[in-house]
Amino acid sequence: MSRTRIPVVAGWFTEDAAEEDFRLLGTRCSGCRSVHFPREDGHCRNPGCPGGELEEAPLSKRGTVWSCTDGRYRPPPPYVSDSETPWTPYTLVAVELAAERMVVLGQAAPGVGVADLPVGSVVEVVPGVLDEDRATGVAHTTWHWRPVAARGIAREREAGS
């Protein structure tokens, strides 16, 4: 059975992009240049803004860990989870995006825990799956944060990127 991929929230991230092109999607105001995430499609949230059009804006792929914690219990509704399956703890990460300087929350990639995410370490956004119903083949997609290897960061600095 082929999987049907449904974004947890449509329009918040690139849905069919390859991992290297995956991005969170916000909006940027043409009037004050403020960036919003989650995206804002009605009006600029900046109270001092003279007004402007809101344009979709792909956000930074990388950022630094601002804080993180373990989620060790099953959240209550409206969180969607199958109460028949065992609860799997996860790590929640607050990441300050490189260019936008805003903090965005998300889960760490599977297998990444708090010990792997010291404050100030560099992470990148990657596509992820929140849950999957094997009976129906539906996977609810989202984003995850994954540490960037120190070796990769050193190469980027040497290359001047």
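1. K61 sits in the loop between β4 and β5. Strands here are DSSP E runs of at least two residues, helices are H or I runs of at least four, and both are numbered from the N terminus. The model is a predicted one: local features need pLDDT of at least 70, side-chain atom pairs count only at pLDDT 80 or more, and totals for chains, interfaces and linings use all residues. Residues are numbered from 1 along each chain as its sequence is written, and side-chain values use heavy atoms, with hydrogens and water left out.

2. Is K61 buried or exposed? K61 is buried, because its relative accessible area is 15%. The cut-offs are under 20% for buried, over 50% for exposed, and partly exposed in between, with a 1.4 Å probe and protein chains only. Setting aside neighbours within four places in sequence, K61 contacts E19, E20, F22, R23, V123, E124, V125 and W145. A contact means heavy atoms within 4.5 Å. K61 and G26 are 35 residues apart in sequence, and their C-alpha atoms are 12 Å apart in space.

3. G120 is another loop residue, placed between β7 and β8. G120 is partly exposed, because its relative accessible area is 45%. Beyond its neighbours within four places in sequence, G120 is in contact with T64 and V65. G120 and G48 are 72 residues apart in sequence and 31 Å apart in space, C-alpha to C-alpha.

4. Now the overall fold. The protein chain has 1 helix and 9 strands. Their order along the sequence is β-β-β-β-β-β-β-β-β-α. The C-alpha trace spans about 50 × 40 × 30 Å along its principal axes. Of the contacts with a separation of 6 or more, 56% join residues 24 or more positions apart.

5. Next, burial and surface. The protein chain has 161 residues, and 35% of them count as buried. Its accessible surface comes to about 9,700 Å². Carbon and sulfur atoms account for 53% of that surface. The areas come from the Shrake-Rupley method with a 1.4 Å probe; for residues, only the protein chains shown count as cover.

6. What does the largest nonpolar core hold? It has 20 residues. Those with the most contacts inside it are L24, F37, V93, V104, L117, W143 and W145. The elements giving two or more residues to this core are β6 (90-97), β7 (103-108), β8 (122-133) and β9 (138-147). β6 gives the largest share, 3 residues. A nonpolar core is a set of buried Ala, Val, Leu, Ile, Met, Phe, Trp, Tyr and Cys residues joined through side-chain atoms within 4.5 Å.

7. Two cis peptide bonds deserve a look. One joins F37 and P38, with omega about 0 degrees. P38 lies in the loop between β3 (35-36) and β4 (54-58). F37 is also one of the core residues with the most contacts. Another cis bond runs from P77 to P78, with omega near 20 degrees. P78 is in the loop between β5 (62-71) and β6.

8. Check the backbone at two arginines. R33 is not a glycine, yet has a positive phi of about 70 degrees. R33 is in the loop between β2 (25-29) and β3. R33 counts as partly exposed because its relative accessibility is 46%. R101 is not a glycine either, and its phi is positive at about 55 degrees. The place of R101 is the loop between β6 and β7. R101 is exposed because its relative accessible area is 58%.

9. How many disulfides does the structure hold? The count is 0. A disulfide is a pair of cysteine sulfur atoms within 2.5 Å. The closest cysteine sulfur to that of C32 is in C44, at 3.6 Å, so C32 is too far for a bond. C32 is partly exposed, because its relative accessibility is 24%. C44 is buried, because its relative accessible area is 13%.

10. Last, charge. The protein chain carries 17 positive and 22 negative side chains. The centres of the two sets lie 5 Å apart. Lys and Arg count as positive, Asp and Glu as negative, and His and the chain ends are not counted. Each charge is placed at NZ of Lys, CZ of Arg, CG of Asp or CD of Glu.
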